[in-house]
Each structure stands twice: as structure tokens, then as C-alpha cells.
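Welcome to this guided tour! Please open your viewer, keep the sequence panel at hand, and follow along stop by stop.

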Amino acid sequence: MAATTTPAAASISAGAGSNGGAEDRVLATAQQIVKSLNTPKEVREDMMLIFSSFDNRLSNIKTVMTDQNDALLARLEAAETVIHRWDGGNDSSRHSSSSSGNHHRSSSFSLSFDGSPDEATEFLSAVDEIISLLVDLSSENKPDMVDRADSALQMAMSLLEDEFRRILIRNTVPLDAERLYGSMRRVTLSFADGDVTEDFENFGLVANGDGDGSGSGSRRRLFHERGGSIGCDLWVDLINPTAVEDLKEIAERMIRAGYEKECVQVYSTVRRDALDECLMILDVEKLSIEEVHKIDWKSMDEKMRKWIQAMKITVRVLLAGEKKLCDEIFDGSETSKEVCFNETTKSCVMQLLNFGEAVAIGKRSSEKLFRILDMYDALANVSQTLEVMVTDAFVCKETKDVLDALGDAARGTFVEFENNVRNETSKKPTINGEVHPMIRYVMNYMKLIVDYAATLNSLLENDESDGLSTDDDGTEEMSPLAKRMLRLITCLESNLEEKSKLYEDGGLQYVFLMNNIYYVVQKVKDSELGKLLGDDWVRKRRGQIRQYATGYLRASWSKVLAALRDESMGGGSSGSPSYGQRSNSSSSASKMALKERFKGFNASFEELYRLQTAWKVPDPQLREELRISIQEKVIPAYRAFFGRNKSQLEGGRHAGKYIKYTPDDLESYLPDLFEGNQMVIHPRRKSS
């Protein structure tokens, strides 16, 4: 729409050397002088008469000014007619269309003008005319006309405000949470070794056991699913794109008319409610700190998981979309863009931050660590983006404070876990020497911890603890997390040494130590823990396992092997014992003594078989290696003894009572050991 040239502008133009005649310039100058004096109407008319007496060229000045007044009045009346017609004549039509559920449109204003886009254009043109008139009248002394124009403008702004609100509400696009979740890449952390968890009172949480029915408590798989990441190209329409241009047209006029505050308030209120509804769709509830602290862990874990997803979606998708909308709709005002975005998003962001704060200051327990770390990472990853978009100082400070609080909570929870490991002093041994539930829990927990190495290294960098010492060299070059992992495992090893003493059987003590250290080594070797602790650590622990195996053979089989030594019959030369070679004393031993030796061996072997078939070595490789070591130690000794002495008893009465097993028989029984199922030997009776 073309703006009307004001008299002042005409005067300036004439003074600058326009092509108008001298008469026009004189006339314009006279008009400008009269206006600038800002005198009453009667005085101005008298001044015109005086001017006209000086120069005949000013004789028609009164007529010209009257014509201009009439023109201004005509423009005002025409604009008023349009505005009043839309306010009154189409009121029922507008309200009817506002309540309709039909989202189809050719023009937003056409819904209020019986489907005629021309009427919407006419109304906007009338608004433009009123705004232009008020500019023109600002240099005129026409208070009545100014009041009429102001009244018409107020009416127009009220109508536009209602229409602005209606378009925003009707064209809000519901959030499709399923589509967003489907586009997120999920990262699942769990364990392939079949470990499940059981109640473990010493940790106040859960620990791992095998799925074979041993142990007690309700069992569930140790499982942790990290939140998915959102692609940079993910985008959703928050407002129907066809409505954006109409919203922009209305906002532009309201701002130009001085109704910027009202426009921003309407937009912020509607879009704030829409964002609150988005959080509800994302299953984020508005909870007080007290309510959060009363939630049980299972429910809390789910709420924390949903919060993580919601934080990513809110910043990367919703706030980014909201920022784009504000920039498009309020394109003509940088201030409106900033204020509108801050006011629209503040409630949504603060709701998320309040939950994060409640979690951060809540009671610390080891089971919460991974969710807290996920929350910390989620907020850390979007905080920079959030800071760029949101300029509200309070929100920016709260974001930083909550991030710091979550970091403190993660660090404190990790220390809590360390203390739990250090102070774990349960006196109940596993029944058959297998892996202790505490070891399973801690090692699987540590495997998960390593996945957060980057985050924990930054959080622990200036929080080194000297509470645990280690004999390992080279720790100075390790990362903060690697040092803590090494200290934890060292603490575990000391704990295992103490727990092994709960077994009365020396052989079972070594089996327990072998099982647990072997389990620790496998967990380290097969995960990122191996990179943290290094190959030297693994080699040392494997050597330790071999020492335990040697200790087991000595503790369990020495008595059995003693029955096969020649010294057991009394006499014999000093030096290393020999198996199956007759000494001078043995050659003269009575058959009765030889029977006792067979009998003693049989009883010892049968007792070991009964006990050690009940012992459990879960790992197949370790179990087989242990059987092989027994076979290499016991079978050759028995074979030599059996070969040298069986002829002395064969053919005698009840020979089968003493020579119950051949070397091959013994070898066939060894695979039954360490299976966790107690068995008793029922040997075949030898004929006398």
C-alpha cells in the first residue's frame, strides 16, 4: 500500500529543488509554518487570511487545506468501515470457524470471511491505512481524528490478537513421539555370559549370580540401555507451514502498531502450553523435588530414561524448531525474536532442569550411577546448543548449575560404589566354591563403567583418592579412571583372600580363588578394562591362577599320593619319593600292609570324588585344565604303583576288595569332578 505524502515531506521536497512551480513551493511553505505553530483552528484561519493579503498566490490556501482534511477523513472512514464490518458483521462466522475441528484452509483469514481471501487482504490493508494515517496525523493538530484512528486501531489489534491466537492453536501440529523414538539410535549395554542379578544386601542393591538356581533372592538380568542419539537432520513441523506466513503478516502489523508486547505474550502463552503438552507426550511429568525423592527405584529408573530422551528431543528438535518459528514470524524485530523464544521455552526447559536437580541431590546408591551419567552426558551434549539459543541469564545459569550438580552426583555415586566394595564383609561363602555374587556384580558393573570412561575421566580428574593402595608399578601414566579400576580390583582380590578363609577345606579355598580370579581376568580381557589395566596385569593374574592350581593339588591330593609312596610302608631310603618302585623294606612287606595301602588310597580317592564332584568350576576351560593337572599328577603315580603291586594280591582271597580301580577306571572318573553335582563311586566288584 502506498503511503500518503505529508505536508512536511512536501515542504522538504520542494525546498530540495523539486520540479513543482514557485506557487506550489510558496503554498507548501505557508502550510508548514501554520502547522508548526500548533495554534487553534480559528487562529490558523486568521493567519491564512493574513498570508493571502501578502501574496495572491496564497489566496486558495484555505481550500487546499480543507481538501487535504477531507482526504484524511475519507481514508479514516474507509478503514473504519472495513474494521467495523469484520468486527461486527462476521463475528458469528469467526467464532463458528474457531470452534471447528477442520484444519483445511486456503487462508487463515478466509475462515472468518466466509472463505474469501480478498476480505482478509482488505482487512489487512485497512490496518495498514490506519497505521499510516496515525503517522500522517502525528504532524497535524486533529485530536478528534487521532482519537478515532486510535480507537479503530485498538479494535483492529484486538481482532488480530484473537486471530493470531486462533491460528496458533488451530495449526499446532501434535508431536509424534513414536516417530522421534524410532529415529533415535539406541545403545544397549548388557552381558552375553548369561549373568543375572540377585538381591545383595551388602550393597543395598543387586549383585550377580549364575542362572543355575544357586543363591537366593529374586533374579533379573543386569541390563542397561543407554539413550539413543538424534541425527542432526531430524526435524518436525511444530506449526502447519501454511499458517506461518499469515502469522508473520499479523505479527508485523501488531509490532508496527506498537502492540509488540501483546503479540509476543499471545505467542508465548500458546506455544508454552504446546511445549508443555509435548513434554507430557514424552512422558515427562511435572514433579516437585519431594515427589521425586519418594519414587521407588524401578519407577525412577524409567523416569530418568525418559528424561534423557526428552532432553535430547526438546533441545535438538523442539527448541530448534521453536527458534526457527520465532525467527520467521518475528522477522522484522530482533527484540521480539529473543523475548518470544525465551518466554516460550523457559517453562519447558526449567521443568526438565528441576527434575535433573532433584535427581542430583537425591540419595546416592550404586544402582543409580549409569542413569545419572546418562543424564549428565545428555545435558552436557545439548548445553552448548541451549546456551546459543536461550539468552535468558537465569536459564543459562540453572543449566550450568544442574550440569555441575549431576557431575557431583555421578562422582559421589562412584565413590559410594568404591566404598561398598571396600567395606563388603559378608561371611556367607558360596556353597561349592564358585564365583561369589559380589565378584560377578562388581566386575559387570565395572564393565559398564568403562563405557563412560571419557565422562568419568573428566569428573575424576581432580578427585583422586588415596584410599586404596596397590603394588603395581606404572600407575602414574594411567588415566584417573584406570587408577580407580586398578584399585578396585586390588581391593576385590584382598576381599577374596579373606572370603576363601571361610572354607575349612584347603582344596576348596584354592578352587574358590581360582574361580574368582579367573572370572575377573576373563572380564578384564574381554572388555575395555583390558586396555585400561594392560597386558602385564593380565599376565600376572594368570600366573597367580597357576599358583592357586598348584596349591589345590597339594592341599587335596597329597594324602592320596602319600598312600602310593614306598615310605608309607615304613623304611625306605631318604630323598625324593618314588611311586611303584620297591625299596628293600617294601619287598619284605607283608601282603596285609599292601592291602592297607590300596585300601587307604581307595578311601581317599572315593572321598575326594564325593566332595569334588559337588564343587563347581563354571568355566569349561578352567575346569578342563584343572582335571588335566590332576590326571598328570595322580594317574601316572597310581599306574606305577598299580603295575608293581597288583600281582602280589591277584589270585588271593577278596583281591577285588582292595584292587578296586584300574588306572583307566580312575581316569574315567575325573570328568565328573567340578560339575557341581555330588556323586558317589559304585565300582565294579572284582572277582576273587
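## Two helices to start with

Select α18 and α19: these helices are roughly antiparallel to each other, a label for angles over 145 degrees, while angles under 35 count as roughly parallel, 65 to 115 as roughly perpendicular and the rest as oblique. Helix α18 covers residues 480-500 and helix α19 covers residues 506-525, and their axes come within 9 Å and cross at roughly 160°. Axes here are lines fitted to C-alpha atoms, for helices over the stretch in contact, and angles run from 0 to 180 degrees between N-to-C directions. Helices (H or I, at least four residues) and strands (E, at least two) are DSSP runs, numbered from the N terminus.

Now show side chains: among the residues of α18 that meet α19 are I489, E493 and L496, and their partners in α19 include F512, L513 and N516. Contact means heavy atoms within 4.5 Å.

A word about what you are viewing: this is a predicted model, where local features need pLDDT of at least 70, side-chain atom pairs count only at pLDDT 80 or more, and totals for chains, interfaces and linings use all residues. Residues are numbered from 1 along each chain as its sequence is written, and side-chain values use heavy atoms, with hydrogens and water left out.

## Zoom out

Show the whole protein as a cartoon to see 26 helices and five strands. Of its 688 residues, 49% count as buried, meaning under 20% relative accessible area, with exposed being over 50% and partly exposed in between (1.4 Å probe, protein chains only).

Next, pick α13 (residues 334-360) and α15 (residues 393-422), whose axes come within 9 Å and cross at roughly 25°. That angle makes α13 roughly parallel to α15. At their contact, look for V349, M350 and L353 of α13, among others, and for V402, A405 and L406, among others, of α15.

## Into the core

Which residues have the most contacts inside the largest nonpolar core? Select F164, M443, I449, M485, Y552 and W557; the core has 178 residues. Such a core is a set of buried Ala, Val, Leu, Ile, Met, Phe, Trp, Tyr and Cys residues joined through side-chain atoms within 4.5 Å. Helix α12 (residues 297-329) gives the largest share, 14 residues.

Stay on W557: including Y552, F605 and L608, its contacts exclude residues up to four places away in sequence.

## Last stop: a loop

Finish at T172, in the loop between α7 (143-170) and α8 (177-183). T172 is partly exposed, with a relative accessible area of 24%.
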